[in-house]
Amino acid sequence: MEKFSKEYFRYLANQIMFDLSDQEIEELQEDFKTLTKQMELLDKIDTSNVDEMIYPFEEDTVYLREDVVNHEITQEEALQNAPLVKNKMIVVPKVVK
Amino acid sequence: MNFNDVKNKDIKTACEESLSLAKASQAKLNAVVSFVEVEQQVKELSNKNANSPLFGVPIVLKDNVSTKGILTSASSRILSNYIPIYDATITKKLKEAGAIVIAKSSMDELGMGGTNLNAYTGKVNNPYDVNRISGGSSGGSAALVAQGVVPFAIGTDTGDSVRKPASYCGIVGVKPTYGRISRYGIIPYASSLDHVGYFTTNVSDASSALEVLAGRDDLDMTSSNQEVQAYSKLLDSNVAGKKIAILVNVQEAIEDTTITNSFNHIMNTLKEKGAIVEEVRMNDDYMKALLPTYYVLSNAEATANHSNLDGVRFGVREEGADLVEIMINSRTKGFSSDVRKRFVIGSYSLHVDNQEKLYKKAQKVRRVIVDELKTIMNKYDVIVASSSGTIAPLPNQKCGEDLSVSHLVAENHMLLGNFSGFPSMSLPQVMVNKMPVGISVMAKAFDEVNMFNIAKAIEEITGLENIVVGGDE
């Protein structure tokens with residue numbers, strides 16, 4: 001698949017579960033001309049022997065809490081925003097046919 | 001409007017007036033997604049903390065802040081029917097402090113934008129010139145404070161999304177240290193860069209508001225255990241001996257001499273008041289790499305964070321023959337064109353072919369940039385620069401060419417605060433053709449005291465305190 005072709009962008013979009021119109025792909029092709037030039041600016045920076053920075057601070061703020069139930073929600077609350085509910089379950093089309 | 005204006009009025013009257021102003025300003029600003037009735041909230045004030053600086057103060061929340069029972073759409077179609085079943089931690093804190101929520105404000109969809117042009121409810125207009133943008137992504141909150149509707153509004157800041165609209169709208173915008181304010185219940189954008197921030201009309205209100213918002217929250221495992229300081233009591237504009245660094249990469253990239261001259265005047269006055277003011281320079285290549293690094297990291301993180309928006313368990317569902325088709329249709333129609341295009345950039349960065357040379361490279365570049373920033377920051381109390389190189393642009397008006405320093409550096413340097421997590425704020429610097437431009441102040445991690453104090457000194461020099469547009473045209 002040719003990089004930055006229509007198929008390529010559609011593939012990238014479908015990988016994360018949405019679609020693009022032909023016009024959107026053309027706009028992306030245009031945007032990527034600038035983006036790739038901007039991304040090339042990263043290559044000017046020497047990162048040999050540098051670790052990735054994942055978060056701003058590396059001191060621990062995370063710990064394992066006691067394994068006790070807290071912060072519960074009811075089934076009704078859990079389903080309150082579901083688009084389609086039947087017998088207290090979220091309804092989708094049959095997966096196994 | 002500021003906190004004291006409200007304290008001098010009957011609370012119910014002040015909040016009802018504020019709600020009326022918000023409604024009256026909607027035709028002009030288009031800044032509100034949902035109005036919130038105040039009567040019940042005012043009744044519940046009897047068991048709230050009357051000593052809180054926000055007691056009885058009408059406020060606005062950005063529409064990515066979860067509010068139990070109140071629409072929280074993040075200005076996205078896919079969440080345009082989403083009613084949270086819980087309050088964000090900051091919603092709870094603000095309620096406990098006696099703040100009265102009068103509206104949820106418009107934003108760039110899911111926080112992904114810097115213009116507030118890309119909101120499901122449409123463009124937010126700048127209160128000073130409705131043809132111009134408010135800036136984003138927290139544009140609705142900024143516009144409502146600048147208009148004089150409320151003295152306080154919550155925003156979020158992933159890549160200057162509080163500070164840039166604050167600059168364009170002539171108000172104070174604060175992004176405290178990463179982890180200073182809990183993000184539990186905030187609809188995320190990019191978790192390693194996301195901060196809760198807020199708007200006020202003066203530095204004093206900003207310093208007292210952080211006392212209400214800050215603190216460890218076990219529901220947000222990135223929130224900090226560091227002690228919350230008495231920022232308002234410690235507020236002191238005496239700059240004698242304070243070390244202030246001017247980030248010259250930014251000032252050199254600004255073409256507007258009204259902005260650079262007023263900046264120089266402020267710096268000279270700080271010197272006269274005893275501050276040690278020196279110029280510092282970051283590596284130019286690092287400064288130019290800020291925006292592309294941000295594009296790679298933020299869009300990649302957003303792609304992962306928003307994978308749960310699929311129309312199946314919540315949000316707007318589109319029809320489909322099977323589960324996959326439902327998800328694809330819901331996401332295609334649920335996200336705007338702009339957001340899907342940003343997700344494609346994220347998908348591109350995370351693709352196995354690009355992970356090493358783009359995604360991991362950007363994470364390493366982030367460390368290189370932050371390491372240099374830390375080296376400079378260690379020698380100074382604050383680093384300052386003009387928040388933007390221009391006044392609020394017109395929609396689709398470019399601020400410099402895509403690879404120019406005026407675009408890459410002058411318009412995007414506040415990303416330094418998101419990359420490093422250092423506290424950073426913008427306050428009004430100067431009016432240019434009756435349009436405001438801000439000045440940014442960044443301090444060491446968790447040193448909000450110095451940030452507020454030096455901002456206060458700058459505010460005394462500019463005199464641009466409590467300025468709002470007012471009126472209800």
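Leaving aside residues up to four places away in sequence, B:V248 touches B:E279, B:V280 and B:R281. The model discussed here is predicted.

**Setting of B:V248**
- B:V248 is found in helix α8 of chain B, which covers residues 248-253.
- B:V248 counts as partly exposed because 14 C-beta neighbours lie inside 10 Å, whereas a buried residue would need 20 or more and an exposed one 12 or fewer.
- Between B:V248 and B:K333, which are 85 residues apart along the chain, the C-alpha atoms are separated by 45 Å.

**Contact between chains A and B**
- Chain B brings 62 residues to the contact and chain A brings 43 residues.
- On the side of chain B that touches chain A, at least two residues come from each of α10 (284-305), α11 (323-334), α12 (337-350) and α13 (355-377) of chain B, and α13(B) gives the most, with 11 residues.
- By residue class, this side of chain B divides into 30 nonpolar, 17 polar and 15 charged residues.

**Largest nonpolar core**
- The largest nonpolar core has 166 residues, and those with the most contacts inside it are B:I59, B:I102, B:V150, B:A153, B:F199, B:V382 and B:V441.
- The helix α10(B) gives the most to this core, with 11 residues.
- Not counting residues up to four places away in sequence, B:I59 touches B:L54, B:L94, B:A99, B:I100, B:V101, B:V150, B:F152 and B:A153.
- In soluble globular proteins, nonpolar side chains tend to be buried together.

Key
Residues are numbered from 1 along each chain as its sequence is written. Chains are lettered from A and ligands numbered from 1 in the order in which they are written. This is a predicted model: local features need pLDDT of at least 70, side-chain atom pairs count only at pLDDT 80 or more; totals for chains, interfaces and linings use all residues. Two residues are in contact if their C-beta atoms, placed from the backbone, lie within 7 Å. Helices (H or I, at least four residues) and strands (E, at least two) are DSSP runs, numbered from the N terminus. Ala, Val, Leu, Ile, Met, Phe, Trp, Tyr, Cys and Pro count as nonpolar, Asp, Glu, Lys and Arg as charged, and the others, Gly among them, as polar. A nonpolar core is a set of buried Ala, Val, Leu, Ile, Met, Phe, Trp, Tyr and Cys residues joined through C-beta atoms within 7 Å.
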